[in-house]
Amino acid sequence: QVQLVESGGGLVQAGGSLRLSCAASGRTFNAMGWFRQAPGKEREFVAAASWTSRTYYADSVKGRFTISRDNAKNTVYLQMNSLKPEDTAVYYCAVLGGWGKPWPSDYWGQGTQVTVSS
């Protein structure tokens, strides 16, 4: 059974940083990613990382967010710097079913809230 457990969300002021973690159990996965959903909006792709550490970012977070993986721990991270109020959302970890748009996802975590105050 696949389980994804996220942690690291919270409240931060604009310009601050947070680091999200997602620990996967069940088996190892080729591609994992992060998505987010703001109130009243559709869930959107944020970043992806492959087993070989290939990465891809949404334009809105490029240069500010960094995705990384620790394959030995089966964990994926999202380092978020220079946070903006528009980054406020529930962030979800996902196992990706393929590499590339539309970033199909096979499994989802429960989500962790990130709130950025102005």
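Tutor: In this predicted model, the link of Cys22 and Cys93 is left-handed, with -75° about the S-S bond. Cys22 belongs to strand β3 (residues 18-25) and Cys93 to strand β9 (residues 89-96), so the link, spanning 71 residues, connects distant parts of the chain.

Student: Why is the link of Cys22 to Cys93 called a disulfide?

Tutor: The term requires two cysteine sulfur atoms within 2.5 Å. For Cys22 and Cys93 the S to S distance is 2.0 Å, and therefore the pair qualifies. The structure holds 1 disulfide, and both of its cysteines, Cys22 and Cys93, are buried.

Student: What makes the contact of Arg36 and Asp87 a salt bridge?

Tutor: A side-chain nitrogen of Lys or Arg must lie within 4 Å of a carboxyl oxygen of Asp or Glu. In general, side chains of opposite charge can pair when their charged atoms come close.

Student: Where in the chain are Arg36 and Asp87?

Tutor: Arg36 is in strand β4 (residues 31-37), while Asp87 is in the loop between β8 (75-80) and β9. The two are 51 residues apart, and their pairing links distant parts of the chain.

Student: How do you know whether Arg36 and Asp87 are buried or exposed?

Tutor: Buried means under 20% relative accessible area. Arg36 has 5% and is therefore buried; Asp87 has 1% and is therefore buried as well.

Student: Which residue forms a salt bridge with Lys62, and how is each of the two classed?

Tutor: The partner of Lys62 is Asp59, with the closest N and O atoms 3.0 Å apart. Asp59, at 66%, is exposed because its relative accessible area is over 50%. Lys62, at 49%, falls between the limits of 20% and 50%, so Lys62 is partly exposed.

Student: Why does the contact of Arg64 with Asp87 count as a salt bridge?

Tutor: The closest N and O atoms of Arg64 and Asp87 are 2.7 Å apart, which is within 4 Å, so the term applies. Arg64 is in the loop between β6 (55-57) and β7 (65-70), 23 residues from Asp87. Both Arg64 and Asp87 are buried.

Student: How many salt bridges are found, and which residues are linked in a network?

Tutor: The whole structure has 4 salt bridges. Arg36, Glu44, Arg64 and Asp87 are linked in a network of such contacts.

Note on methods. Residues numbered from 1 in each chain as written. Predicted model: local features only at pLDDT ≥ 70, side-chain atom pairs only at ≥ 80, totals over all residues. Heavy atoms only, no water. Helix = DSSP H or I, 4+ residues; strand = E, 2+ residues; numbered from the N terminus. Buried < 20%, exposed > 50% of the residue type's maximum accessible area, 1.4 Å probe, protein only.
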